[in-house]
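Colleague: Could you take me through this structure, a few residues and helix pairs at a time?

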Amino acid sequence: MRKNLLPCALSLAVAATASAVQPAYQPSEAILQAREEFRDKGFGIFIHWGIYSMLGSGEWVLNDPNIFHHEYKDLAGGFYPSKFDAAEWVSAIKKSGAKYLCITTRHHDGFSMFDTAHSDYDIIDATPFKRDIIKEIAEECKRQDITLHLYYSQLDWGRSDYNPIGRTGHEPDRDTSGNWDDYTAFMRNQLTELLTNYGEIGAIWYDGMWDRDELPGGLSPELWNLDEQYALIHSLQPSCLVGSNHHMAPFQGEDIQIFERDKPGENEAGLSGQDVSQLPLETCQTMNHSWGYRIRDNEYKSSNELIRYLVGTAGRDANLLLNIGPRPDGTFPPQAIERLDAIGEWMKDYAPTVQGVRGGVVAPHEWGVTTQKDNKLYVHIFETDDNALLIPYTGNKLKSAVEYKSRKPIKYTMTPQGPVINLPERDKNMADYVIELQYDKNLPYNK
């Protein structure tokens with residue numbers, strides 16, 4: 001059954017009004033505060049989940065040129081995640097020490113995991129499950145004090161008004177008879193729903209703009225109506241942050257800079273060569289190799305590796321958004337649960353060294369990284385065969401050095417280059433050995 005659609009003119013009027021009051025983005029006090037609160041969270045969990053999980057081949061399976069869209073859409077008729085329990089999900093995430101959750105509301109396949117009035121291709125109309133996944137998660141996040149962020153795809157492999165198509169989604173029966181302006185109006189209408197029907201939202205996490213990078217003007221903010229969309233978001237929820245995984249320097253109106261599979265300043269994955277901005281930073285990374293559930297992908301990173309990735313991201317002044325791809329029955333893979341539990345155990349002792357902190361005054365080294373808060377510098381040592389470690393910082397007077405967990409004093413010697421710390425015997429198999437240095441004054445921070 002076709003739903004009654006809200007007039008597009010309403011969304012256009014709201015967007016135009018919001019745009020008119022925001023000719024140049026000046027972040028409000030509410031946004032500035034939200035940015036700092038976001039930096040303090042340090043760690044979040046990403047969830048990629050949709051009808052694609054039923055095929056066990058990841059969230060990009062529809063991009064296969066041999067798959068017909070009309071047949072793929074039929075998957076929705078069998079999507080019934082009988083074991084989905086929002087309380088279990090959020091509890092497992094909270095136990096890990098994560099402070100926020102970001103979930104896919106609509107991925108590139110165009111299927112909406114929420115109750116939308118602007119498409120029948122959603123969790124309520126197209127599936128026998130008929131429960132609003134996003135609503136249940138939003139309510140549980142509120143109960144358990146976890147901030148909710150919403151992933152939203154700008155790319156759609158099925159709608160006829162996503163036209164002209166970009167470099168992905170060339171399924172054999174692709175319809176491109178629609179109008180682009182209708183598509184951008186559709187996005188604004190759905191964003192309005194997400195920001196009015198699901199309580200307080202911490203951020204909108206965009207993805208997909210890169211799809212049109214080979215088209216003339218394909219990456220221009222004007223084509224995508226970014227000013228209107230961003231102004232709409234900030235007007236509907238004044239504390240809601242905007243981030244976009246477009247692999248470029250941030251555009252006006254964005255509040256977070258996102259790096260995919262790379263820590264800021266690195267480009268090992270080939271997606272993050274852009275300059276690092278002064279905005280709050282976030283790195284998204286997978287536990288295995290996949291975002292959406294992939295039944296053949298059992299190559300999970302070890303718990304120690306993930307803890308070091310979290311710490312290494314914090315040492316580069318960024319948050320880590322660590323991904324889980326739930327199974328089609330609505331459960332987290334057991335490997336993901338094991339790693340959430342292991343991270344949570346580590347966070348019981350060390351959360352204050354990666355949350356509520358900033359990247360340290362000592363840049364990352366081969367041995368590890370530093371984080372800081374006020375007058376304390378946390379030295380995170382991953383690997384070194386040396387018995388002594390130079391901390392190349394002389395800007396403040398060092399008052400004390402202790403092993404963070406045990407609080408045992410650590411001996412050090414001052415040199416013109418900084419203190420040389422005598423490293424005690426320690427378990428070389430531990431994820432991270434942390435030393436706390438306390439200085440006479442607060443450490444400088446340049447953001």
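Modeller: Helices (H or I, at least four residues) and strands (E, at least two) are taken as DSSP runs and numbered from the N terminus. This is a predicted model in which local features need pLDDT of at least 70 and side-chain atom pairs count only at pLDDT 80 or more, whereas totals for chains, interfaces and linings use all residues. Residues are numbered from 1 along each chain as its sequence is written, and side-chain values use heavy atoms, with hydrogens and water left out.

Colleague: Is E71 buried, partly exposed or exposed?

Modeller: E71 belongs to helix α3, which covers residues 69–73. Buried means under 20% relative accessible area and exposed over 50%, with partly exposed in between (1.4 Å probe, protein chains only). Because its relative accessibility is 49%, E71 is classed as partly exposed.

Colleague: How far apart are the C-alpha atoms of E71 and D173?

Modeller: Along the chain, E71 and D173 are 102 residues apart.

Colleague: At what angle do helices α4 and α5 pack?

Modeller: Two packed helices are described by the angle between their axes and the distance between the axes. Axes are lines fitted to C-alpha atoms, for helices over the stretch in contact, and angles run from 0 to 180 degrees between N-to-C directions. For α4 (residues 86–95) and α5 (residues 133–144), the axes are 9 Å apart and the angle is about 45°.

Colleague: Which word describes how α4 lies relative to α5, roughly parallel, roughly perpendicular, roughly antiparallel or oblique?

Modeller: Angles under 35 degrees count as roughly parallel, over 145 as roughly antiparallel, 65 to 115 as roughly perpendicular and the rest as oblique. With the axes at about 45°, α4 is therefore, relative to α5, oblique.

Colleague: How many residues in the contact of α4 with α5 are nonpolar?

Modeller: Contact means heavy atoms within 4.5 Å, and here α4 contributes A86, A87, W89, V90, S91 and K94, while α5 contributes E136, I137, E140, C141 and Q144. Ala, Val, Leu, Ile, Met, Phe, Trp, Tyr, Cys and Pro count as nonpolar, Asp, Glu, Lys and Arg as charged, and the others, Gly among them, as polar. Besides 2 polar and 3 charged residues, the number of nonpolar residues is 6.

Colleague: Is S153 buried or exposed, and which residue's side chain does its own side chain join in a polar contact of 2.8 Å?

Modeller: S153 sits in strand β3, residues 147–153, and because its relative accessible area is 0% it is buried. A polar contact is a pair of N or O atoms within 3.5 Å; within protein, one must be able to donate a hydrogen and the other to accept it, and residues adjacent in sequence count only if both atoms are side-chain atoms. The side chain of S153 has a polar atom 2.6 Å from the backbone oxygen of L155. At 2.8 Å, the side chain it joins is that of H108.
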